[in-house]
Amino acid sequence: MDSLIKGRQAALDNHLRRMWPSDTHSDARWEAGPIEKTIPGFRVRCIQPTDASEPWIYVSMGASAVSERGHEFAVLSPYAYPRHVETVTMVADWQASGHNAHVGALLNIGWPWMEGSEAHQMLVSDLYAYPPEFGIFQDAGREISILWLVPVYANEAAYARRRGQESLEDRFESKDVNLLDPRRGSVLGTAEIS
């Protein structure tokens, strides 16, 4: 298992450095919890943008190696925020524990995704903030997706459960929502969805 994880991390490292060649890459670890047992050597790649108008990117490194249908996960952030390392680690561990963190899944992370935000759930989505080639890499002939953990409000999560992820993302697009703004309001206002 260790060699599979290390090989996957090397393939992902090459991909990330090719996609963001001029940005600063560093790795971080969240030491608490069971992650070292579920994904030995797991870490989170932190990509600091050269251009301050671009987001910070936090990417799991090895989450896809422990499941046949596994993915890697990314959080995009308007600035450096160490708690994203914990969030990405938690989602990777959740997937490694046998859950299917597929596109459209909703995860309640139990805390606001960033200070000042009331969004405490994550919608698993394609990494559509970038061209398609950024969200897919190859390892040993296998195509692996990097999925975006999009912060959403409770009523947005309920809406996505009821009407589908694409319907919610269409609302984001039609209202030109900045998904990286921690103080953005819900695209649904104060409406409660049951």
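Helices (H or I, at least four residues) and strands (E, at least two) are DSSP runs, numbered from the N terminus. The structure is a predicted model in which local features need pLDDT of at least 70 and side-chain atom pairs count only at pLDDT 80 or more, while totals for chains, interfaces and linings use all residues. Residues are numbered from 1 along each chain as its sequence is written, and side-chain values use heavy atoms, with hydrogens and water left out.

**Exercise 1. Find M61 and describe its surroundings.**

Step 1: Locate the residue. M61 belongs to strand β3.

Step 2: Judge its accessibility. Buried means under 20% relative accessible area, exposed over 50%, and partly exposed in between (1.4 Å probe, protein chains only). M61 counts as buried because its relative accessibility is 0%.

Step 3: List its contacts, where contact means heavy atoms within 4.5 Å. Leaving aside neighbours within four places in sequence, M61 is in contact with Q9, L12, D13, L16, F42, R43, V44, R45 and E72.

Step 4: Compare sequence with space for one of these partners. M61 and D13 lie 48 residues apart in sequence, and their C-alpha atoms are 8.1 Å apart.

**Exercise 2. Examine the salt bridges of R45 with D27 and of E156 with R184.**

Step 1: For R45 and D27, the N to O distance is 2.4 Å. R45 is in strand β2 (residues 43-48) and D27 in strand β1 (residues 24-28), 18 residues apart.

Step 2: R45 counts as buried at 2%, whereas D27 is partly exposed at 37%.

Step 3: Widen the view. D13, R17, D27, R43 and R45 are linked in a network of salt bridges.

Step 4: Turn to E156 and R184, whose closest N and O atoms are 2.8 Å apart. E156 is in helix α4 and R184 in the segment after α5, 28 residues apart. Both E156 and R184 are buried.

**Exercise 3. Say what covers the buried residues of α4.**

Step 1: Pick out the buried residues. In α4 (residues 154-163) they are N155, E156, A157, A158, Y159 and A160.

Step 2: Identify the cover. It includes β5 (106-108), β6 (121-126), β8 (142-152) and α5 (165-174).

Step 3: Follow the chain onward. After α4 comes G164, with a positive phi near 105°.

**Exercise 4. Describe the largest nonpolar core.**

Step 1: A nonpolar core is a set of buried Ala, Val, Leu, Ile, Met, Phe, Trp, Tyr and Cys residues joined through side-chain atoms within 4.5 Å.

Step 2: Count its members. The largest core has 31 residues, and those with the most contacts inside it are L16, W20, I146, V152 and L168.

Step 3: Trace its sources. At least two residues each come from α1 (2-19), β3 (56-61), β4 (72-77), β8, α4 and α5. The most come from β8, which gives five.

Step 4: Zoom in on W20. Not counting residues up to four places away in sequence, W20 touches H25, I47, I57, Y130 and F134.

Step 5: Note the other core. A second, separate core of 30 residues includes Y81, A92, A105 and Y153.

Terms used
Salt bridge = Lys/Arg side-chain N within 4 Å of Asp/Glu carboxyl O.
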